[in-house]
Amino acid sequence: MDFTIARRRMVETQIVARGVDDQRVIDAMLKVPRHLFVDEALWGHAYADGSLPIGEKQTISQPFMVAAMTSALHLKGDERVLEIGAGSGYQTAVLAQLARRIYSIERISSLASRARRILDKCRATNVNLKIGDGTIGWKEQAPFDAILVAAGAPEVPRDYLEQLEIGGTLVMPVGGRDSQELIRVVRTAEDDFDEQRLMSCRFVPLIGEQGWNSDCEEG
Ligand code: SAM
């Protein structure tokens, strides 16, 4: 399988064809080798139009969802970005192409270690990745110009709003355990937030102090 050709086809048919037109996001997705972020047995499916299992009941996000969430942040290159739910590290690698520094949190240590290894292989040197409960954000590194949350919560955790820079943008799925709405929130002033609904989506639950409790991982 020629992964460069598969990647180009993925970008043309799943991303550009569905309306993502941010050239920087398109270039990043043409560049990041998605197959390296899944088990070798799944390499043949790595550029297909869907999410894939990465172990621990978690998934690597659908390529279109990665593109849509990333382009909703309107990154220009100099931002400090907080990512919650590194998972495989694929979305992290895309962000690392587009912003100055990425602060990423993953609650499952085996996934975080594997993501770190692949990110190092891809020379993503501008990523700080830590293991922990991302529902409380990363206070020591705040404020952030952008926050991307790759797991669904019942509502936006208040710490994210506090840790977002004025003028900054947050993108995350909000709603029920099984289906959510992808929303974008822009902090327009100290106490003012502008919220917009982008599309329906289905993410695994955001588990922690300001998210779901861990019982919802079962069944
Ligand atoms: N975007 C990732 C990728 O491309 O591989 C996929 C993320 S996966 C859909 C969601 C991730 O969020 C899972 O790895 C899960 O362990 C993680 N997660 C859930 N709750 C979390 C929390 N409170 N803090 C950090 N990570 C969390």
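## Aromatic pairs, cores and a pocket

Phe 3, Trp 43 and Tyr 47 form one aromatic cluster. This is a predicted model, and the values below are computed from it.

**Aromatic pairs**

A pair of aromatic rings is described by the distance of the centres and the angle of the planes. The whole structure holds 5 aromatic pairs. Two of them are set out here.

| Pair | Type | Centre to centre | Angle between planes |
|---|---|---|---|
| Phe 3 and Tyr 47 | tilted | 6.1 Å | 45° |
| Tyr 103 and Trp 138 | edge-to-face | 5.6 Å | 80° |

Are they buried or exposed? Tyr 103 counts as buried because its relative accessibility is 6%. Trp 138 counts as buried too, at 9%.

**The cores**

In soluble globular proteins, nonpolar side chains tend to be buried together. The largest nonpolar core here has 52 residues. Met 29, Phe 37, Leu 75, Tyr 90 and Val 94 have the most contacts inside it. Several elements each supply at least two residues of this core, including helix H1 (3-16), helix H2 (23-31), helix H4 (90-98) and strand E6 (144-149). Which helix gives the largest share of this core? It is H3, with 7 residues.

Take Met 29 as an example. Leaving aside neighbours within four places in sequence, Met 29 is in contact with residues that include Arg 7, Met 10, Pro 63, Val 66, Tyr 90 and Val 94. A second, separate core has 19 residues, among them Val 149, Leu 164, Val 185 and Leu 206.

**Helix H3**

Why is H3 described as largely enclosed by the rest of the structure? Because 10 of its 10 residues are buried. Among them are Pro 63, Phe 64, Met 65, Thr 70 and Ser 71.

**The largest pocket**

Rolling a probe the size of a water molecule over the atoms shows where empty space is left. The largest pocket has a volume of about 670 Å³. Its lining has 37 residues, and the closest to the centre are Gln 58, Thr 59, Ala 150, Phe 203 and Val 204. Strand E2 (58-60), H3, H4 and strand E4 (101-106) each supply at least two lining residues. The largest share, 3 residues, comes from E2. What kinds of residue make up the lining? There are 18 nonpolar, 12 polar and 7 charged residues.

**Backbone exceptions**

Most residues other than glycine have a negative phi, and most peptide bonds are trans. Lys 57 has a positive phi, near 60°. Lys 57 lies in the loop between E1 and E2. Its relative accessibility is 56%, so Lys 57 counts as exposed.

His 74 is not a glycine either, yet its phi is positive, about 50°. His 74 lies in the loop between H3 and strand E3 (80-84). At 47% relative accessibility, His 74 counts as partly exposed.

Finally, a cis peptide bond joins Ala 142 and Pro 143, with omega about 5°. Pro 143 lies in the loop between E5 and E6.

Methods:
Residues numbered from 1 in each chain as written. Predicted model: local features only at pLDDT ≥ 70, side-chain atom pairs only at ≥ 80, totals over all residues. Heavy atoms only, no water. Core = buried A, V, L, I, M, F, W, Y, C linked by side-chain atoms within 4.5 Å. Buried < 20%, exposed > 50% of the residue type's maximum accessible area, 1.4 Å probe, protein only. Helix = DSSP H or I, 4+ residues; strand = E, 2+ residues; numbered from the N terminus. Contact = heavy atoms within 4.5 Å. 1 Å grid on protein atoms, 1.4 Å probe; cavity = no way out; pocket = protein on both sides within 12 Å on 5 of 7 lines; lining within 4 Å. Points joined across faces, edges and corners; volume = space filled by probe spheres on them. Nonpolar A, V, L, I, M, F, W, Y, C, P; charged D, E, K, R; others polar. Phe/Tyr/Trp six-rings, centres within 6.5 Å; stacked < 30°, edge-to-face > 60°.
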